[in-house]
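Please open the model in the viewer and keep the sequence panel at hand.

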Amino acid sequence: MTTYGTIPTSSGGGSNLEYLSRAKARIKSGLGTRRSWKEMFNFRSVDLPHGVSDAFSRIKTNIGYFRMNYAILVLVILFLSLLWHPVSLIVFVVMMAAWLFLYFLRDEPLVIFHRTIDDGVVLVVLSVATIGLLLLTGATMNILSSILIGLAVVVIHAVFRNTNDLSLDDEAGGYLASSSS
């Protein structure tokens with residue numbers, strides 16, 4: 001009996017390879033749900049808001065639409081500020097694993113005790129937990145300044161990014177109407 005060209009799936013080593021390939025597929029599909037960076041930084045969509053109400057409307061729409069991109073942007077700024085604080089960096093890497101599995105790479109809603117948890121709640125809880133644990137490491141000024149810089153970048157982008165070419169399926173989800181068809 002020959003088994004040329006077959007890949008065993010029941011051996012112990014095969015399960016590790018299967019787990020890695022599933023993780024790779026989840027990373028690709030999870031990061032695929034974020035908006036395109038080209039779309040986010042489309043210079044033709046940048047203009048001044050017509051007033052304060054227009055600015056607040058743009059902030060609400062852009063945060064709903066680019067939520068995952070904004071989270072990635074703030075986390076990158078936070079990471080860069082922690083490069084000279086090794087203990088904080090270790091805590092940050094551990095929290096990034098939590099971010100990956102609980103926010104970025106989930107392909108179905110988070111359910112705890114038979115209750116579905118909204119993405120916004122997961123985002124807030126992970127943000128508070130990350131900031132809280134990082135503040136315990138002693139790099140308080142670095143962390144607070146980088147978070148403020150990240151939030152300022154997000155708000156500035158959200159105010160100046162015109163929302164005429166964006167369409168939200170629903171306010172909470174922030175998904176395109178065209179992607180569901």
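Begin by selecting residues 65-83: the end C-alpha atoms of this span lie 30 Å apart, and the span is 84% helix and 0% strand. The coordinates belong to a predicted model. The selection is one of the stretches that UniProt, in an unreviewed entry, lists as "transmembrane region"; the others are residues 117-137 and 143-160. Select 143-160 next: this span is 100% helix and 0% strand, with its end C-alpha atoms 26 Å apart.

**The whole chain**

Zoom out and colour by secondary structure. The chain contains 7 helices and 2 strands, and from the N terminus the order of elements is α-α-α-α-α-β-β-α-α. Of the 181 residues, 32% are buried. The chain exposes about 11,900 Å², of which carbon and sulfur atoms supply 69%. Among contacts between residues at least 6 apart in sequence, 75% join residues at least 24 apart.

**Helix α4**

Return to residues 67-81, which form helix α4.

**The nonpolar cores**

Now display the side chains of Leu-78, Leu-82, Trp-99, Tyr-103, Phe-104 and Ile-143, the residues with the most contacts inside the largest nonpolar core, which has 20 residues. Helices α4, α5 (86-104), α6 (119-135) and α7 (140-160) each supply at least two residues of this core. Then select Met-40, Phe-66, Ala-158 and Val-159: they are among the 11 residues of another core, which lies apart from the largest one.

**The charged network**

For the last stop, select Asp-47, Asp-54 and Arg-58, which are linked in a network of salt bridges. The structure holds 2 salt bridges. In one, Asp-47 pairs with Arg-58, with the closest N and O atoms 2.7 Å apart. Asp-47 sits in the loop between α2 (37-40) and α3 (52-65), whereas Arg-58 lies in helix α3, 11 residues away. In the other, Arg-58 meets Asp-54 at 3.5 Å, N to O; these two are about one helical turn apart because 4 residues separate them in helix α3.

Note on methods: Residues numbered from 1 in each chain as written. Predicted model: local features only at pLDDT ≥ 70, side-chain atom pairs only at ≥ 80, totals over all residues. Heavy atoms only, no water. Expected span 1.5 Å × (residues − 1). Buried < 20%, exposed > 50% of the residue type's maximum accessible area, 1.4 Å probe, protein only. Contact = heavy atoms within 4.5 Å. Areas by Shrake-Rupley, 256 points an atom, 1.4 Å probe, with all protein chains shown as cover. UniProt positions renumbered as here; feature names shortened; annotations may be inferred. Core = buried A, V, L, I, M, F, W, Y, C linked by side-chain atoms within 4.5 Å. Salt bridge = Lys/Arg side-chain N within 4 Å of Asp/Glu carboxyl O.
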